[in-house]
Amino acid sequence: MTARDTPAVEDLAQRLRPGFVLGVAAAAFQIEGAVAADGKGPSTWDAFAEQPGSIVGGDSPAIACDHYNRSDEDVALLRELGVDSYRFSLSWPRIQPDGRGSINQRGLDFYDRLIDKLLAAGISPMVTLFHWDTPLPLERDGGWLARSTAERFASYVAAVAARFGDRVAQWVTLNEPVSVALQGYGLGVHAPGRKLLFGALPAAHHQLLGHGLAVQALRAAGVVGKVGVSNMHSPVRPASNTLLDRIMARAFDVLINRIYADPILLGRYPNPPIQVRPWFRALRRVPAADLRTINQPLDFYGVNYYYPVRVAAGVGPGGTPEGNAAAQARLPFHLKDFPEYETTGFGWPVAPEHLGILLREIKDRYGKALPPVYITESGASFPEPGHVSGPVRDVRRIRYLAEHLGHALKATGPGGLAHDVELLGYYVWTLLDNFEWAAGYSQRFGLVHVDFDTLKRTPKDSYYWYRSLSKARLA
Ligand code: BGC
């Protein structure tokens, strides 16, 4: 252990239980590029990125990492890295350009080849069915504000399950429905750019319904893989002990964590504090049958953890952790910094102990209803040059990952804070520097540096660190 309690590779390797999965995670829209190739239809993100001012620096996702044309090289990087599993998402509009009706075989073929390449490299595919790139034509019908989108999602899932159900080890229905509902429909800082504030809640409900219907579709297709979902979780703390800050912190916890986890795991929406109950009105009117659909038995539960949040009552200056949202100035609470923590390139607090705290929190909330857990995303961006000609010494990322994995293992190990949580694996976000949504190419999260002019991949020191961890546990 160093002075900062950063666990050494050997120490971490020893604490990895046999069968513990080390992986990396990625998302189609952030890496593939080829946004109009081989019959792919446009997504809400293609349209959003074209609106002036929506993406930092006016960056375009049209090429991104060009993974669509370079998947051989990227699978070779994964194999060399020695990960057990690769979590990636399928682009719905690449597979079903209109979001309904006919299936684009060339889109399916791309993923078919990718899955086979991964299997040939000894890497188990974890497939996310929706990571934010909704087919654009569906947006004209209301997108996720419309119930029909949930039903359409399930039809697309059925087509995918029929093709890949024999080879995919794990299925993730949705990635972070909270981000789509909140950033996309509530604040307008992500696609589709709507600023509906609490009027966005139907987009939460319909994604959750889509999750339930997708699980049913996967089971009906008899897929051999395990089925789960990935939710973002941020432990929420009041900025002070005043009653108002505590109420707003509870309300915020409901808004970003519990609205998504409670119905999936418990089959009901949470009770918000009475003072803010009217905000959540849309969720009180949902049919009971929907909640039964959403509450499907799952084989695992995916947790994406990046940061804790501190909430204060009243309108405040700060934006969302993802960027500044003018719409936020209309909300009666705001987020505050954690001055005690160092921050990432995005300005997010580096708070690894909160990962253990969070696992305790969800076990307390969901008890036996909590399936075994994967950390399906954990990682950080730090300022790095656009062009590199030698090694990339990303010491801070190594420390970040070692400390987050270390806390997750400690908490779930014997005598740990969350010893009763079964932790199955840890996925680093992410393999390649990529299109970081509204931040464009300005935030680099990769274990591998990407030069966005030449598309050259250069493994960073963190890549070699993760590889040494993977090797050390086998020794
Ligand atoms: C998302 C990723 C994103 C990462 C960093 C997660 O919320 O699932 O797509 O790149 O955060 O912002």
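**Reading a barrel and its ligand site**

Modeller: The ligand is surrounded by Gln 30, His 131, Trp 132, Asn 175, Glu 176, Tyr 306, Trp 348, Glu 377, Trp 429, Glu 436, Trp 437 and Phe 445, where a residue counts as near if one of its heavy atoms lies within 4 Å of the molecule. This is a predicted model, in which local features need pLDDT of at least 70 and side-chain atom pairs count only at pLDDT 80 or more, while totals for chains, interfaces and linings use all residues. Residues are numbered from 1 along each chain as its sequence is written, and side-chain values use heavy atoms, with hydrogens and water left out.

Colleague: Which oxygen distances to the ligand involve the side chains of His 131, Glu 377 and Glu 436?

Modeller: A polar contact is a pair of N or O atoms within 3.5 Å. A polar side-chain atom of His 131 is 2.8 Å from a ligand oxygen. For an N or O atom in the side chain of Glu 377 the distance to a ligand oxygen is 3.0 Å, and for Glu 436 it is 2.6 Å.

Colleague: How many strands close into the barrel, and in what order?

Modeller: Strands of a sheet pair through backbone hydrogen bonds, either parallel or antiparallel. Here eight strands close in the order E1-E2-E3-E4-E5-E7-E10-E11, with parallel pairing. The twist from one strand to the next averages 25°, taken between N-to-C directions on a scale from 0 to 180 degrees, with axes fitted to C-alpha atoms. Strands are DSSP runs of E with at least two residues, helices are runs of H or I with at least four, and both are numbered from the N terminus; two strands pair if DSSP finds at least two bridges between them. E10 (residues 373-378) and E11 (residues 423-429) share four bridges, and Ile 375 has Tyr 426 as its bridge partner in E11.

Colleague: Which strands does helix H9 touch?

Modeller: Contact means heavy atoms within 4.5 Å. H9 (residues 177-186) packs on the sheet against E3, E4 and E5, and its direction makes about 35° with that of E5.

Methods
Polar contact = N/O pair within 3.5 Å; in protein donor to acceptor, adjacent residues only side chain to side chain.
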